[in-house]
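Here are some friendly notes to go with the model you are looking at. Please have the sequence and the coordinates open while you read.

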Amino acid sequence: MDLAAALALQIVYGIANLALISLGLAIVFGMMRVINLAHGEFLMLGGYTVVIATNNGVSIWIAMLVLAPLVVGIVGIVVERLIIRWLYGRMIDTLLATWGLSLLLIGLVTSIFGASTATTIAPPLGVIPIGEYSSSAYELMLVGITVALILVLYAALKLTNLGLIARGTMQDPEMAAALGVSTSHIYMMTLGIGAAVSGLAGGLLAPVTGVLPTIGAVYIAKAFITVISGGASVLAGTASASLLLGGINGITAYLTGPTFGEIALLLAAIVLLRLMPRGITGTLFRKSL
């Protein structure tokens with residue numbers, strides 16, 4: 001019984017981890033149709049923001065929950081103003097531009113911090129005993145934060161005028177502009193929010209994974225697989241795909257090891273997209289957010 005409880009908590013954490021690293025990409029790709037290959041580097045910048053802040057005496061909670069999303073959100077706005085705003089509707093061009101941005105950010109961070117050793121931060125909180133086993137209290141807290149983040153984003157997009165304007169602009173920018181909406185500002189705000197969510201995720205995961213200049217490569221593949229498997233709906237798609245793929249990954253990893261867990265996740269995504277080419281929400285929850 002203790003083993004089952006400990007295993008269940010690890011699987012739930014794996015699902016939350018997958019959702020957390022994918023939410024920022026889901027906002028940018030799902031709403032704006034911008035293929036952001038620098039998404040992993042936004043997560044990496046969030047991690048390094050926490051490292052630098054805590055090394056200079058800032059509380060780890062302020063660093064993770066305030067500074068990481070703020071810094072990366074500002075970076076996202078700058079990137080949108082300087083690069084992405086000229087490339088809307090040109091998906092291949094945004095792919096190439098953000099790939100170049102990814103390489104630039106990796107090079108800059110490597111020149112500052114070096115490439116060989118991961119920078120680590122001690123996770124706050126402690127462990128929770130589960131009979132003969134234990135679970136990280138911080139990982140359980142991340143599950144709660146992920147759920148709260150999804151609910152906050154849902155409320156912002158569904159229940160506020162700003163969210164309504166943003167969704168309307170992404171669906172029909174010409175009509176939104178005719179109604180007096182500054183579509184340029186909406187695009188900038190949306191990419192900035194997506195980047196801030198990515199920075200928050202990177203900051204929260206830094207105590208668990210450590211930080212390297214190339215750690216974005218670990219995140220980007222899983223994030224894209226999750227978002228594409230989820231389909232057009234930003235939040236419902238990310239949540240449902242994370243639940244399915246994260247559960248398969250966690251169970252397979254327990255039975256056969258982490259390498260086969262990653263393989264099972266990829267195979268599950270391939271089968272899912274073969275059966276549901278438009279993703280989970282494109283087939284099952286078409287009117288969901």
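1. **Basis.** This is a predicted model, in which local features need pLDDT of at least 70 and side-chain atom pairs count only at pLDDT 80 or more, whereas totals for chains, interfaces and linings use all residues. Residues are numbered from 1 along each chain as its sequence is written, and side-chain values use heavy atoms, with hydrogens and water left out.

2. **The core.** Which residues touch the most other members of the largest nonpolar core? They are M31 and L204, in a core of 69 residues. Helix 1 (residues 2-32) supplies the largest share of this core, 13 residues. A nonpolar core here is a set of buried Ala, Val, Leu, Ile, Met, Phe, Trp, Tyr and Cys residues joined through side-chain atoms within 4.5 Å. Helices (H or I, at least four residues) are DSSP runs numbered from the N terminus. As general background, nonpolar side chains tend to be buried together in soluble globular proteins.

3. **M31 and L18.** Leaving out residues up to four places away in sequence, M31 touches A26, L157, A166, R167, M170, T190 and V234; contact means heavy atoms within 4.5 Å. L18 lies in helix 1 and is buried, with a relative accessible area of 3%. The classes are buried for under 20% relative accessible area, exposed for over 50% and partly exposed in between (1.4 Å probe, protein chains only). Apart from neighbours within four places in sequence, L18 is in contact with K222, T226, S242, L245, G246 and L265. Between L18 and T169 there are 151 residues of sequence separation and 28 Å in space, C-alpha to C-alpha.

4. **Helix 2.** Because 14 of the 17 residues are buried, helix 2 is largely enclosed by the rest of the structure. Just after helix 2, G57 takes a positive phi of about 90 degrees.

5. **Helix 5.** Buried residues in helix 5 include A137, Y138, E139, L142, V143 and I145. L157, which M31 touches, is also among the buried residues of helix 5.

6. **Salt bridges.** How many salt bridges does a search of the whole structure find? There are three, each being a side-chain nitrogen of Lys or Arg within 4 Å of a carboxyl oxygen of Asp or Glu. In one, R81 and E80 meet at 2.7 Å, N to O; R81 is partly exposed at 22% relative accessibility, while E80 is buried at 0%. In another, the closest N and O atoms of D93 and R90 are 2.7 Å apart. D93 is partly exposed at 30%, and R90 is partly exposed at 42%.

7. **The K222 and E262 pair.** The side chains of K222 and E262 meet in a salt bridge of 3.1 Å, N to O. This pair links distant parts of the chain, with K222 in helix 9 and E262 in helix 11, 40 residues apart. K222 counts as partly exposed at 22% relative accessibility, and E262 counts as partly exposed at 35%.

8. **Two loop residues.** S233 is found in the loop between helix 9 (216-230) and helix 10 (234-256). S233 is buried at 6% relative accessibility and, not counting residues up to four places away in sequence, touches T238, T281, F285, S288 and L289. G210 lies in the loop between helix 8 (183-209) and helix 9, and is buried at 5%. G210 and V51 are 159 residues apart in sequence but 9.3 Å apart in space, C-alpha to C-alpha.

9. **A surface patch.** F260, I263, L266, L267 and I270 form a nonpolar patch on the surface, with about 480 Å² of accessible area together. Patches are made of residues with over 30% relative accessible area and no salt bridge; like charges are joined within 9 Å and nonpolar side chains (Val, Leu, Ile, Met, Phe, Trp, Tyr) within 5 Å. Accessible areas come from the Shrake-Rupley method with a 1.4 Å probe, and for residues only the protein chains shown count as cover. I263 is found in helix 11 (residues 258-275) and is partly exposed, with a relative accessible area of 41%.
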